[in-house]
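Good morning, and thank you for coming.

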Amino acid sequence: MDRCESTLALVDFEQVEQDDYSSGYESTPSDSESSTTTQKLQSNRLIPISYNRDPVKIKEKMSYRNTQALTEQLKVISSIPELCDVTFEVGSEKVKVHGVKAILGTRSRVLYNLILKKQKEAEFQRKAGKKDKKNKASVQSDKVTIVVKKYEPEDFRKIIQFIHSGSVDINSSCIAGLLCGASQFGLDDLERACWDFVNHSIKSGTISKIIPAAKRYSHHKAGQQLLEKIFSLTEQSVDL
């Protein structure tokens, strides 16, 4: 890899630092015997030559990060079923949304417990019977299927995308679904971003565009909170 061709910035570069140096020994000109003994002891110690010759300790570190490329690559994972081991069947039409257990479980404790539960259920079913299909079952043992009924497929796809990549586009049509998903799956950073979008919509006077999406998620606690906030603002504007 030719690093010279990279146009990406190098960050966290620490300049050379000089630490205070001390030999650790104390001697006086009149104490020649003590000095001779000290030199013998010092010569018997395994000390790097460079340390003896140059008392300056050099600390140098260069950290390289390319989070943008990583984010874009992680977004692609959920669109490649062959790389995923979790399948969500979303909505009445059971639209398939794919994910990776390791990432989902690490990012969300709720999803970790849900995946673990489904794995135990699948293991129990395999042990219960169907010995003639044992080989086929073992091939599919790592795959987990989870049914999701209370989310719009596109909104849930965005939630899974955010969990994998840490990036998502928020707009008035998906804000309610993202807010509910963030609340349910313990994604605090996404939940804060959603409320920031709501507050921005209030200031810009476009809060009414969120109402249709909020009504679709009135069965969620976070959806109810969103509706209550919108209606309270609407009543205040009428009073004014």
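I shall begin with the residue and then turn to the pocket.

This is a predicted model, in which local features need pLDDT of at least 70, side-chain atom pairs count only at pLDDT 80 or more, and totals for chains, interfaces and linings use all residues. Residues are numbered from 1 along each chain as its sequence is written, and side-chain values use heavy atoms, with hydrogens and water left out.

Asn-171 sits in the loop between helix 7 (153-165) and helix 8 (175-184); helices here are DSSP runs of H or I of at least four residues, and strands are runs of E of at least two, numbered from the N terminus. With a relative accessible area of 31%, Asn-171 is partly exposed, that is, between buried (under 20%) and exposed (over 50%), for a 1.4 Å probe and protein chains only. Phe-197 is 26 residues away from Asn-171 in sequence, and their C-alpha atoms are 8.1 Å apart. A polar atom of the Asn-171 side chain lies 3.1 Å from the backbone nitrogen of Cys-174.

Now the pocket. Which domains give residues to the lining of the second largest pocket? Domain 1 (69-128 + 142-153) and domain 2 (169-233) both do, so the pocket lies between them; the bounds come from an automatic or database domain assignment. Helix 5 (109-128) and strand 5 (144-148) each contribute at least two lining residues.

Thank you; I welcome your comments.

How values were computed
Polar contact = N/O pair within 3.5 Å; in protein donor to acceptor, adjacent residues only side chain to side chain.
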